[in-house]
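Please look through the sequence and the structure shown here before reading on. The explanation moves from a sheet to the nonpolar cores and then to the aromatic rings.

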Amino acid sequence: MKASPTGHALGCLIILFFFVSVFSKTPVIDISPIPFAGNDINVPLESPLYDFPGWNSKQAITISSAMVDGSANLVDFPVLITLDYLNNEIVDGSVNSALSGGGDIRFSSDAAGNNQLAIEVVEFVTSATPANRKCQIWVKIPSLSATSDTTVYIWYGNSGASQPAPNTAGVGSHSVWTAYEAVWHMENDPSAAAPQILDATGNGYDLTSGGAMTGGDVVGGQIGNAIEFDGSNDYFALANNVVINNGTYTISSWVNWTTGNTYNGIIANDNPWSGVWINSENGGRAVFTDGAGQEFSSNGSAPAGTNIKCDFVGTNGDYQYFFAGNSDASGSQAFNYGNLAYIGSEDTNAGFFRGWIDEVRVSTDSKSAAWLKAEHNNQNNPGGFASPGVPGDASGGTGGGTGGYWTQTGSDIHYSNGLVGIGMSTIPSGYHLAVDGKVISEEVRVLLSENWADYVFAEGYDLPTLEEVEKHIQEKGHLINIPSAAEVEAQGIELGDMNRLLLEKIEELTLYIIDLEKRNKRIFELENRLESIEQLLKQ
């Protein structure tokens, strides 16, 4: 039976459709629900992507145990958080940074955000200009270890958040200072409405300025701002006197004094005469006096014009001075009680301090040498005290070393400025997303930047002959331009590029079929002519 052109064409089309169905059909995949078990996580997009609801991002801060002396942990220790501990994205003022003012700043002791910590945001300014950024946040660390690094987490990225009320139990700013009787940060304008400086503990020892103090007396100190005292009539009066007695207490402050006055009152009272001074006559030694007029002087001194932390500790009749976190002088002496009523003087007429005073604290316990040293390490060199981790989305994912992080808008999530790896610790170079495992999807769309395979149909395309194809298969074991099995095993395949190559082969096959159809038609015509000649010869 003779083959017809229609039969040849139908056979070719069947072959063509076979290749199309195998290589280019969009797969339909069964996506019926799969039960999650073990460590699998099923997170619907309409629910929060993190364990700290409402917050988009977090960053770890690791405190070096080398900055904590001794072997005992420091309990409920307030740590100063500065810009040194924060990556740029937290304070750059971009859409994904924390709120300027710190309303959305929270801290936790765990990565999941289950254990929120008490914080006080004294100052927090975000800006695209690095020089304009500011950060002074105090965080109460439940247990600061001397033997292993301590990690806490800062949370941010909640546009509707504000700081809890100061007296909120456990997390308000007053809760930071439960280990203190009074704390003054010395940040505010002394010419503003009274009281100008609030006691951060909430115990009511607020300060009201006296003398001729102005806004110009707010100067740069050791920790943010400090208050400059003119040594003539500037002072702050406490709303209520802080009473100290023969029990236990600690008085601390940062100072930078200048010459001119003999007794420079840091925090003191004239009646009874008690408190801590810097005595310029003996080279800047610290002097403590009790309510009976007894004086106890340090061995070392605070040099004029130098930022230095001064601590005086009383423990049931024993006393000890610390300069810059180091023990200076100690002794035993029964103390009479005293009242601390002024900062920057001993009263409204005498003992005026000349220079600036910053971060004054009074506690009714005896701070250990390790505690005072850690305070100094933290406040004197914040950059060496702790280090920032890599910012990440609040669910725990981190950026690819470039500070990228997740953001969420409604049920959509986005990731910018970084790479994503799932089930792997490193991401192959040149890829934004890498998955070590299987991916299931109903449909995948690939947008190619390269030419599609229609170039096969362009005039001048060098279509290999079937003899060339056969020779290549015999020599290489695969089609021209198609990677070998060994190459695929070693390097994988580019989905878009492979689809282009498969279509290239299909289009080449189409050209072969068209050429074959033409040849078949010519053969059919010749067969008909031959049959006609044979009929004529028989006549």
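The paragraphs below take these topics in turn.

This is a predicted model, in which local features need pLDDT of at least 70 and side-chain atom pairs count only at pLDDT 80 or more, while totals for chains, interfaces and linings use all residues. Residues are numbered from 1 along each chain as its sequence is written, and side-chain values use heavy atoms, with hydrogens and water left out.

An open sheet of three strands, paired antiparallel, has the order β2-β5-β4; strands here are DSSP runs of E with at least two residues, and helices are runs of H or I with at least four, numbered from the N terminus, and two strands pair if DSSP finds at least two bridges between them. Because β2 (74-81) and β4 (119-125) each have a single partner strand, they stand at the edges, and one side of each is left without a neighbour in the sheet. Seven bridges join β2 to the antiparallel strand β5 (residues 134-144), and Leu-74 stands opposite Leu-144 in β5. Helix α3 (residues 369-380) lies across β2 and β5 and runs at about 15° to β2, where axes are lines fitted to C-alpha atoms, for helices over the stretch in contact (heavy atoms within 4.5 Å), and angles run from 0 to 180 degrees between N-to-C directions.

The largest nonpolar core has 47 residues, and Ile-61, Ile-81, Leu-86, Ile-105, Phe-107, Phe-124 and Ile-137 have the most contacts inside it. Such a core is a set of buried Ala, Val, Leu, Ile, Met, Phe, Trp, Tyr and Cys residues joined through side-chain atoms within 4.5 Å, with buried meaning under 20% relative accessible area (1.4 Å probe, protein chains only). To this core β5 gives the most, with six residues. Apart from it lies another core, of 38 residues, among them Tyr-205, Ile-227, Cys-310 and Ile-357.

How many aromatic pairs does a search of the whole structure find? The search finds 15, counting rings of Phe, Tyr and Trp (its six-membered ring) whose centres lie within 6.5 Å, with planes under 30 degrees apart called stacked, over 60 edge-to-face and the rest tilted. Phe-288 and Phe-296 are stacked, because their ring centres are 6.4 Å apart and their planes lie at 25°. Phe-296 also forms a tilted pair with Tyr-319, at 5.2 Å centre to centre and 40° between the planes. This pair links distant parts of the chain, with Phe-296 in strand β16 (residues 295-297) and Tyr-319 in strand β18 (residues 318-323), 23 residues apart. Ring pairs link Tyr-249, Phe-288, Phe-296, Phe-312, Tyr-319 and Tyr-321 into a cluster.

Key: Buried means under 20% relative accessible area, exposed over 50%, partly exposed in between (1.4 Å probe, protein chains only).
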